[in-house]
Amino acid sequence: SNIEPLSKNINSKMHEANAAFTKDGKTMYFTRNNYLNGKKGKDAKKINHLKIYKAELVNNEWTNITELPFNNVNYSVEHPTLNSAENKLYFASDMPGSIGSFDLFEVAIHKDGSYGTPKNLGPKINTIYREQFPFISKNNTLYFSSDRPLGYGGLDIFKSNLVNNKFTTPINLGSPINSNLDDFSFIINDKNKGYFSSNRNGGIGDDDIY
């Protein structure tokens with residue numbers, strides 16, 4: 001109830017999505033088109049890609065909006081999610097060296113606020129198809145969506161567990177979570193209740209929350 005948009009510092013005339021918050025609620029990572037301080041960036045083909053931005057909550061106002069250093073005008077960096085220790089950020093990108101159209105990556109967040117070098121999660125997680133919308137749970141289960149073959153159709157939601165610093169072979173969450181259309185942006189809250197988006201038949205609009 002009482003749904004309100006965030007301030008215009010966060011919400012612009014462009015696309016904002018997939019926000020991730022630190023536990024203290026004072027730092028937010030979010031996806032936005034390449035747009036900051038009223039300036040829109042495009043690559044040589046005039047394509048406006050997506051970037052991840054960081055914002056800080058100061059005196060109850062979201063401010064100090066900066067882009068992460070591994071963004072690039074020539075490709076998209078999107079869909080941030082923080083691990084429970086808040087020292088790793090997982091995201092999707094089509095940056096050079098990707099296996100498919102979009103891959104999942106991780107990057108270290110150092111104590112001084114700087115970042116490491118983004119690391120591709122490798123062929124066990126990523127395929128020649130599309131992997132996007134990662135979410136890492138408090139017990140280090142990685143949920144993401146992929147349109148790889150042998151699924152139910154469109155984007156399906158998968159999960160992989162982090163064991164001894166390595167992700168296990170992803171498992172399709174199956175029906176009724178996955179449908180013959182797109183199922184994505186899966187998250188789990190602290191009470192083990194999951195939410196996701198889907199454009200399956202029977203919804204109210206295009207992409208609905210379930």
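The chain exposes about 11,800 Å², and carbon and sulfur atoms supply 50% of this area; accessible areas come from the Shrake-Rupley method with a 1.4 Å probe, and for residues only the protein chains shown count as cover. This is a predicted model, in which local features need pLDDT of at least 70 and side-chain atom pairs count only at pLDDT 80 or more, while totals for chains, interfaces and linings use all residues. Residues are numbered from 1 along each chain as its sequence is written, and side-chain values use heavy atoms, with hydrogens and water left out.

Of the 210 residues of the chain, 44% count as buried. Here buried denotes under 20% relative accessible area, exposed over 50%, and partly exposed the range in between (1.4 Å probe, protein chains only).

**Overall form**

The radius of gyration of the chain is 17 Å, which agrees with the value near 17 Å for a compact globule with 210 residues. This radius is taken over C-alpha atoms, and the globule rule is 2.2 Å times the number of residues to the power 0.38. Along the principal axes, the C-alpha atoms fill a box of roughly 45 × 40 × 40 Å.

The secondary structure comprises zero helices and 18 strands; helices (H or I, at least four residues) and strands (E, at least two) are DSSP runs, numbered from the N terminus. Among the contacts in the chain with a separation of 6 or more, 35% are accounted for by residues 24 or more positions apart, where contact means heavy atoms within 4.5 Å.

The chain carries 24 positive and 22 negative charges, whose mean positions are 4 Å apart. Lys and Arg count as positive and Asp and Glu as negative, whereas His and the chain ends are not counted. Each charge is placed at NZ of Lys, CZ of Arg, CG of Asp or CD of Glu.

**Backbone features**

Most residues other than glycine have a negative phi, and most peptide bonds are trans. The peptide bond from S175 to P176 is cis, with omega near 10°, and P176 lies in the loop between β15 (171-172) and β16 (183-188). Positive phi values in residues other than glycine occur at E86 and at N140.

| Residue | Phi | Loop between | Relative accessible area |
|---|---|---|---|
| E86 | about 60° | β7 (77-82) and β8 (88-93) | 27% |

T81 has Y90 in β8 as its bridge partner. In β7, six of its six residues are buried.

**Two individual residues**

Is T27 buried or exposed? T27 is buried, with a relative accessible area of 15%, and belongs to strand β2 (residues 27-33). Beyond residues up to four places away in sequence, T27 touches A20, F21, T22, K54, A55 and W62.

D206 is exposed, with a relative accessible area of 57%, and lies in the loop between β17 (194-198) and β18 (208-209). Leaving aside neighbours within four places in sequence, D206 is in contact with S198 and N199. The C-alpha atoms of D206 and P123 are separated by 32 Å, the two residues being 83 residues apart along the chain.

How values were computed. Two strands pair if DSSP finds at least two bridges between them.
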